[in-house]
Amino acid sequence: MTSLTRRRFVNTCLAGAVVTGACGWAVARFGARDRIVVVGGGPAGATAALALRQANPEAGLLLIERDPRRLRPSEVAAFDRPLAGPGLDALRAAGIEVVLDDVAGLDWGAARLDLFSGRRLEFDRAVLAPGTAAIQEPVAGFDAVARHRWPAAWGSAREARRLRAQLAALPQAGHVVLRLPATLSHPEAALERAVRLAAFLHRSRPGGRLTILDGSNDADLATRFGTRLAMQGMRTDADWRGGGTVLRVDARQGLLETNEGLLRADVVNFVTRQGAGRIAHDAGLVDASGWCPTDARGRSCLRPGVTVVGDARKTAQRTVAGAFLSARSAAAGLAPA
């Protein structure tokens, strides 16, 4: 049996009691002939659940999500991850059981999930939407303090708030650095982040400047960034440095040592390399690339009978539209003959 470590057990169960009426009520009713479980309620997971309901109207369908905020509509502030998937009301209206809980253990041989609430859930088919997670990089000085001072704000609402607060306190002639890793998993999101930072400076700190350290050295991305600024009439002092590699940092002093010299910054948005979410690793769905190899329908190449949707797939587009497409494709592949 594979052990899956997860956080926020207490908060999740409390939230689950509020949303489902009683933590585990849905599990007790999960006894249909064909039992499909979806783990992860982000855009890909929730969309897959709805598409599976349409394709399998008689199946027992249950979605597990640990964070209730991902299942309620909310306004998206700058640097937050888009909450574009179906919400709780849409899922429940479609007859999909929703459990706010977390996976504590997974036994593929017994086709069983153990939840943090203490309940066990047997299934016939499993769909995982693991999402992505940061991968630690060997950058000298980039410790826990640096990660706190220089938030990635890459899917974390807490880090997004911290980044917004830092930008609000930026001096009029302040310097903002956006660091992008050499392996860029979400190029479109990276481009959008750079444009948003430039727009903030153009609007609120016209005397400020922006440096993008693009470790991926994506010339097309740099060109598109310049085009976006020109089309929107931005006169931000922005410098896109392709191949910019960070060698050492001192977050307390605001210093970044790069292959092109030393930079001093007032605000640093330090985006680290991404890979498949932790549950995908613990479930044995990830190869050496850090992603989940699947076929075109999302069926795992490493675990027969398991379907992966969303950004964690090795060949994913890693856009919201791509997440929707992967979910619908996976549902079509699981439809009854």
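Residues are numbered from 1 along each chain as its sequence is written, and side-chain values use heavy atoms, with hydrogens and water left out. Because the model is predicted, local features need pLDDT of at least 70 and side-chain atom pairs count only at pLDDT 80 or more, whereas totals for chains, interfaces and linings use all residues.

Helices (H or I, at least four residues) and strands (E, at least two) are DSSP runs, numbered from the N terminus, and two strands pair if DSSP finds at least two bridges between them. Strand β5 (residues 103–107) runs antiparallel to β6, and 4 bridges join the two. Leu106 has Leu113 in β6 as its bridge partner. The two strands form a hairpin with 4 residues between them, and in its turn Ala111 has a positive phi of about 50°. On to the next pairing: β6 and strand β7 (residues 120–122) are antiparallel over 3 bridges, with Leu113 opposite Leu121 in β7. This hairpin also has 4 residues between its strands, and here Gly118 takes a positive phi near 100°. Within β6 (residues 112–115), Arg112 and Asp114 point one way while Leu113 and Leu115 point the other way, and all are buried (under 20% relative accessible area, with exposed over 50% and partly exposed in between, for a 1.4 Å probe and protein chains only).

A further sheet is open and consists of 3 strands in the order β13-β14-β15, with antiparallel pairing. Strands β13 (246–250) and β15 (261–264) stand at the edges with a single partner strand each, so one side of each lacks a neighbour in the sheet. From one strand to the next, the twist averages 20°. Strand β14 (residues 255–258) is joined to β15 by 4 bridges, and Thr258 stands opposite Gly261 in β15.

Turning to the helices, the axes of α3 (residues 43–55) and α10 (residues 320–333) come within 8 Å and cross at roughly 30° (axes are lines fitted to C-alpha atoms, for helices over the stretch in contact, and angles run from 0 to 180 degrees between N-to-C directions). The pair is therefore roughly parallel, a label for angles under 35 degrees. Among the residues of α3 that meet α10 are Pro43, Thr47 and Leu52, and the α10 residues include Phe324 and Arg328; contact means heavy atoms within 4.5 Å.

Note on methods: Angles under 35 degrees count as roughly parallel, over 145 as roughly antiparallel, 65 to 115 as roughly perpendicular and the rest as oblique.
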